[in-house]
Amino acid sequence: MDGPQTDSNGTGNGRVIDLSHHLSGEARNRVANPLKDILRVISECPVTDLISMANGDPHHSLYPFRQITYEVPSVQDAPDPVISWRNNSGLAQIIRSYKDQECALSIRDAFPYSRAAGLKQCIDVITDFTNLIFAPPNHHVTLTLGNSDGITKVFRLFGENGDHFLTDEFSFPSMTNSPLAYGVKWVGVKMDSGGIIPEELEKVLVKWDEVKWGRRPHVLYIIPVGQNPTGSTLSVDRRKKIYAIAQTWDLIIIEDDPYYFLQYDIPPNQTHCPPASPDEFIKDFRSTLIPTFLSMDVDGRVLRIDTFSKVLAPGMRLGWITSNKLFHLKLADYIDSSTQPPHAFGQMFVTEMLSEHGWKVEGFCRWLRSLCLDYQSRRDFLLDVFRREVESTGYASVNCPEAGMFVWIEVFFEKHPRFVREQCFGGSPVVARTNTEYLLKELFERLMNTQGVVFIPSSTFAIPENPLWVESDGHVPLSDRTRFLRATFGGTEEIIEKGMIRLGKGLLEFFQD
Ligand code: PLP
């Protein structure tokens, strides 16, 4: 055979890796929606004056809008656009979507029925952004309605009744909950303050007995930056180890990264750099971000899930999956026969925002950097108040997250007068030996009902342990380690300060009991 071999995943990087065996029965059985398929054929027709009487599309003259105006911060005119926007002191920039005048994605083009991956103009700007920031080797972009939509669709792509998926032992239940309904079970992998521990991941895979427990886990769902709920961020070293394990054990990695652009403690010379050319600014911005799993994915085994929820607004309901071609096509078939592509309003806004008429990629990066500084100062404020109001009680401590929106508050339940520790050896390694979980629940209720402040108790995020694959020697059951409260520093200083004062008071009261 002449010419280079291409791989079946379409990563185009010269490797021949067939990952199709990871697809679920549902994904294999799914065929392209015939109507969407014929629309694709029609869209590729070279005839310039093609008359379309093909589709049940309302004519654009019937759309009840011909112009949409977005008033956004002028990111070029302020050194810190988030602060000036918040204070109402900054200039605004007007971006418009038109039906008939020139713009990056017109109302006329955006609102007809479209096909799965999304509107070309929007995909193009997001693909350019993805290539610029993550530099993935020839992956493909599929638009979603945010990460919840992207992740739950990806779970269906791989999950079968009886499968086990891997994740952090404290994970995000809004995601881990969904595949339970069709019979996927979770295996929680031990974490520490740096996130999932690669050696623990490997241990699970080595120890897995396929005869007794069924197919070895083949999917790892992971939140590598500012992990929800613990706030941990995986180091480059851990990422490399995890990717190598994924290659050895043939894992698919689902990289759910909504907090990627909220990374803190950038060295001072990079935060207030002198005015640079747009390209230099983007390069400099990129250099402050930790390498992603996607950027190291030579096999096509990473599906990266991004969203605008945390950096524009959750109600945008717009995000994207970056994956190899095979998975992209399978996702497209799924979308074509279920939700259809995301709404046109969001796609139009993002396309204009990233285009010549809007912020452009450089302006968006300026916004992201400024947003990051804003969240960092909220984090620092919370930590200061925490030290004063909570740590001083001697009943709790907190981590300092490098990214994201959450701190993980550890409560010292062993100091509580009603703390019970039963020394029982030889029983199931997952049965609780303390009443930590009970005290945690009580604390949550007391803080809510008597102090008027709420945090999410760590038990909400704990992946239930299974005695089959949990080590019996020296293992501390997860229920004895669920001694945390998740707090967000996303709110205002007033909210943060009040919340911490109430937590301090609540702890003092609770521990006197
Ligand atoms: N994944 C994680 C880890 C999250 O923390 C969140 C939101 O809190 C989501 C996904 C949901 O993101 P989206 O709003 O894009 O659906």
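**Sheets, cores and ring pairs in a predicted model**

Trainee: Does Phe345 count as buried, partly exposed or exposed?

Mentor: In this predicted model, the relative accessibility of Phe345 is 42%. A buried residue would have to be under 20%, and an exposed one over 50%. Because 42% falls in between, Phe345 counts as partly exposed.

Trainee: How many aromatic pairs does the count come to?

Mentor: Rings of Phe, Tyr and Trp pair if their centres lie within 6.5 Å. By this rule, the number of aromatic pairs is 34.
One of them joins Phe111 and Phe345, so the total that includes this pair is 34.

Trainee: What is the geometry of the pair that Phe111 and Phe345 form?

Mentor: The ring centres of Phe111 and Phe345 are 5.1 Å apart, and the planes make 75° with each other. Planes over 60 degrees apart fall in one class, so the pair of Phe111 and Phe345 is edge-to-face.

Trainee: How many residues apart are Phe111 and Phe345?

Mentor: Phe111 sits in the loop between α4 and α5, whereas Phe345 belongs to helix α14. The pair thus links distant parts of the chain, and the separation is 234 residues.

Trainee: Where in the chain do Phe170 and Phe484 lie, and how many residues apart are the parts that their pair ties together?

Mentor: Phe170 and Phe484 form an edge-to-face pair, with 6.2 Å from centre to centre and 75° between the planes. Both Phe170 and Phe484 are buried. Phe170 is in the loop between β4 and α7 and Phe484 is in strand β15, so the pair ties together parts whose separation in sequence is 314 residues.

Trainee: In which order do the strands of the antiparallel open sheet stand?

Mentor: This open sheet has four strands. Its edge strands are β12 and β14, each of which pairs on one side only. Strands β13 and β15 pair in the antiparallel sense over five bridges, and the order is β12-β13-β15-β14.

Trainee: Which helix lies across β13, β14 and β15?

Mentor: Helix α15 lies across β12, β13 and β15, and it runs at about 160° to β12. The helix in question covers residues 436–451 and runs at about 40° to β15; it is α16.

Trainee: Which strands stand at the edges of the seven-stranded open sheet?

Mentor: The order of this sheet is β3-β11-β10-β9-β8-β4-β5, and its pairing is mixed. A strand at the edge has a single partner, so one side of it is left without a neighbour in the sheet. The two edge strands are β3 and β5.

Trainee: Which helix packs on this sheet and touches β3, β9, β10 and β11?

Mentor: From one strand of the sheet to the next, the twist averages 20°. The helix covers residues 325–336, and its direction makes about 25° with that of β3; it is α13.

Trainee: How many residues of β9 are buried?

Mentor: On one side of β9 the buried residues are Ile252, Ile254 and Asp256. Strand β9 is mostly covered, and the number of its five residues that are buried is five.

Trainee: Which residues touch the most other members of the largest nonpolar core?

Mentor: This core has 106 residues, and α15 gives the most to it, with 13 residues. Apart from it lies another core, of 26 residues, among them Leu19 and Val154. In the largest core, the residues that touch the most other members are Phe261, Phe364 and Leu503.

Trainee: With which residues is Phe364 in contact, leaving aside its neighbours within four places in sequence?

Mentor: Phe364 also belongs to a cluster linked by ring pairs, which includes Phe129, Phe261 and Phe308. Beyond its neighbours within four places, Phe364 is in contact with Phe129, Phe308, Val311, Leu312, Met353, Leu354 and Trp359.

How values were computed: Residues are numbered from 1 along each chain as its sequence is written. This is a predicted model: local features need pLDDT of at least 70, side-chain atom pairs count only at pLDDT 80 or more; totals for chains, interfaces and linings use all residues. Side-chain values use heavy atoms; hydrogens and water are left out. Two strands pair if DSSP finds at least two bridges between them. Contact means heavy atoms within 4.5 Å. Axes are lines fitted to C-alpha atoms, for helices over the stretch in contact, and angles run from 0 to 180 degrees between N-to-C directions. A nonpolar core is a set of buried Ala, Val, Leu, Ile, Met, Phe, Trp, Tyr and Cys residues joined through side-chain atoms within 4.5 Å. Buried means under 20% relative accessible area, exposed over 50%, partly exposed in between (1.4 Å probe, protein chains only). Rings of Phe, Tyr and Trp (its six-membered ring) pair if their centres lie within 6.5 Å; planes under 30 degrees apart count as stacked, over 60 as edge-to-face and the rest as tilted.
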